[in-house]
Every structure is written in C-alpha cells, then in structure tokens.
Amino acid sequence: MEYAIGVDIGGTKIHFAVVDREGRIVDSHRVPSEAQLGADHVMSLVLQGVDTMIQRMPSGSKASGIGVGSAGQINFVTGTVEYAGSQLPGWTGTPITRILKERYLLPAYADNDVNAIAVAEQMYGAGRGLDSFIVVALGTGIGGAIVEAGRVVRGAKGCAGELGHVSVDFNGPICENCGNNGCVELYASGSGIARLGREVLAGAGGIVPWQPDSRAITQAWLQGERYASQVMDIAIRALAAAIAGYIHMCNPQAVILGGGVAEAGAPFLNALDQEIKSRTSTAVRSAYRLLPAYVGNDAGVIGAAAQVWLYGNG
Ligand SMILES: [Zn+2]
C-alpha cells in the first residue's frame, strides 16, 4: 500500500495523519500549535509530528510524500508562507516545503488550508466529478477556495479565493485584517456572529447579561429565539450577498459549505440557499447547487495528504 503524510496547521492545533490513496486515515494525532512561541517552534512541532507518523507507518510501507495545508496565504509554487496574521505570529516567510524536502528527501507540497479542503472534496467528497466549484469554510473567520477546470485557482501569490474579505457593506465597520469596510467575515464567521449577538443583545436591553458564542446563537436560532433570529438574519444575508458575488464571477456547478457554523445543518443551508437564489440571475442560479461539505472535520488533513497523489508523479 501507498501512503502520504498529511499535516494541517492551524492557529490552535496541528493535525497529522497517514492517509491512503482512497483518502482513508490509517493513523493520526493532534498537538497544540503553541503559536505564540513563534514560527521556529511551530516548525519544530511539525517535524516532530512527521517523525512520529513515519515511525508509526504500517509495517513494510513507506511514505510517498508529505502534504501540508496551513492557515494563512501560502505560495504553492515556492512552498513558502506569503502571509500569516495573528493566528500564527512570525509564520510569514517560512519555507515549509524546502525544510521538509531537505529533512525527509520526499516530495513535499504546501497550500492554504482551505485549498487543501477543496482538494479533499474534489477527490473524495462533494466536488467529485465537478470541474468548477467553490468551497466556503465558516470557522472563526471565513475561508474560501475556487476550483476551475478541475484545478485550484491560486492567483499571483497563492492568495486567490479569500471570500472572507469580500465586502458586503462599503460603509460597514473596518476589517482589522485587510483594511476594507464591511467584509463578510465581520458578519457571518463565528467571531462575526458572536459580535452581532453582543450588539443585538445590547440594543435590546442596554446591558449585556451574557455573551453567547456563535454555537449558542445558532442553537438559539434553531429554537426560534428572537434575538438569535435577528443575528442569523443578518449573517445569512451577508453570506448570501458574498456568495452571490462569487457565483456571478465564477459560474460554479456547486458551492460547498463547511465549518462550524455550517453544522447548524439543513435549516441553515436552506435559508442560505433561498437568500442566494434571490440574489442571483437566472443562468448562474440554475447552474449551481449548494452542498454541505462531505469529508467533514478531517478534510484539512486528508486534502493536505492528497496533494501528494494529485500533484505528484506517483
Ligand atoms: Zn477584510
């Protein structure tokens, strides 16, 4: 059997896995990123984790390569971090694939974490058989990826597909990450929904008795609580406006939605789809389907590893 090693690097944890060609995880482990200790420390954790995966490979087999998905903007061609913000301080400039190739003498690939999820969905999930789709990852922030003609669109420096920084209100609050006003991330990400929750509750009573997170708000929304309906109405309209923009630009066959907020399930998906449909013209509207991500929480590490099969010669 052939195996690839996948590494999914986020601001809070690093996920390692040995993955076979069918996208099945045969072994995995997670460690805290300890990002505040700096880039050299994070990279040393990556190397320790890959060492562990190599030691634990099924007997008689050898790794075919190593694939990395990382938070931040990753230059796929050079395998270097173009930009990483406060999630991974100091990570900008890290030559991820050069370090891995020198140490392990194996093929190595590195891409943005949402691009890696797109690879997992394309090879094993909701994007199977599709040439043209977008992925929207609703986490603490909002990530995006575009697949066109069967390939991830990366742009000049690997930064294409940053859906979270599409503005849905040019007079809206300033986005600290990019400087624009009214980025969709400010309304429909986990942190955006929590912010709206505080605002709506403060507006209702003057005093905020409690500060629900996005999970509590989506639960309250599912139960029909009024403040949560106000919040989710804004979040859904903002997200639909941004996705409608993407749909008009890319004319995709599918919009694949994943991440924590999307776990609100069918009611969320249906409300979002209805809102997108009301904001798109006939031809592009009839072309797309809104689909839940198929691969789930392990999509990042599976897609990271699958780069070895997708881009390698093996
Ligand atoms: Zn922004």
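Me: A216, I217, T218, A220 and W221 in α6 meet Y227, A228, S229, V231, M232 and I236 in α7. This is a predicted model, so what makes that a contact?

Reply: The test is heavy atoms within 4.5 Å, and the α6 and α7 residues you list are the ones that meet. By class they split into nine nonpolar, two polar and no charged.

Me: Why are α6 and α7 called roughly perpendicular?

Reply: The axes of α6 (residues 214–222) and α7 cross at roughly 110 degrees, coming within 8 Å. The perpendicular band runs from 65 to 115, and therefore α6 and α7 are roughly perpendicular to each other.

Me: And what makes α7 oblique to α8?

Reply: Helix α7 (residues 226–250) and helix α8 (residues 266–277) have axes that cross at roughly 55 degrees and come within 8 Å. Since under 35 would be roughly parallel and 65 to 115 roughly perpendicular, that angle makes α7 oblique to α8. As for handedness, the α7 and α8 crossing is right-handed.

Me: Which residues make the contact between α7 and α8?

Reply: On α7 they're M232, I236, R237, L239, A240, I243 and I247, and on α8 F268, A271, L272, E275 and I276. That contact of α7 with α8 divides into 10 nonpolar, no polar and two charged residues. Arg and Glu count as charged, and R237 of α7 and E275 of α8 are in the list.

Me: Why are α1 and α2 called oblique?

Reply: α1 (residues 39–55) and α2 (residues 96–104) have axes that come within 12 Å and cross at roughly 40 degrees. Roughly parallel takes an angle under 35, so α1 and α2 go down as oblique to each other. Their crossing is right-handed.

Me: What makes up the contact of α1 with α2?

Reply: M43, V46, L47, V50, D51 and I54 come from α1, while I96, I99, L100, R103 and Y104 come from α2. Sorted by class, the contact of α1 with α2 has nine nonpolar, no polar and two charged residues. Tyr counts as nonpolar, so Y104 of α2 goes in that class.

Me: How do you know that domain 1 and domain 2 touch?

Reply: The domain assignment gives domain 1 as 3–121 + 297–311 and domain 2 as 129–293. Contact needs heavy atoms within 4.5 Å, and 14 residues of domain 1 are in contact with 16 residues of domain 2. Between them the two domains bury about 1300 Å², 56% of it on carbon and sulfur atoms. On the domain 1 side, V114, N115 and E121 lose the most area to domain 2, together 37% of what that side buries.

Key
Residues are numbered from 1 along each chain as its sequence is written. This is a predicted model: local features need pLDDT of at least 70, side-chain atom pairs count only at pLDDT 80 or more; totals for chains, interfaces and linings use all residues. Side-chain values use heavy atoms; hydrogens and water are left out. Axes are lines fitted to C-alpha atoms, for helices over the stretch in contact, and angles run from 0 to 180 degrees between N-to-C directions. Helices (H or I, at least four residues) and strands (E, at least two) are DSSP runs, numbered from the N terminus. Angles under 35 degrees count as roughly parallel, over 145 as roughly antiparallel, 65 to 115 as roughly perpendicular and the rest as oblique. A crossing is left-handed if the near helix is turned anticlockwise from the far one by less than a right angle, and right-handed if clockwise. Domain bounds come from an automatic or database domain assignment. Buried area is the accessible area (1.4 Å probe) that two parts lose on being put together, summed over both.
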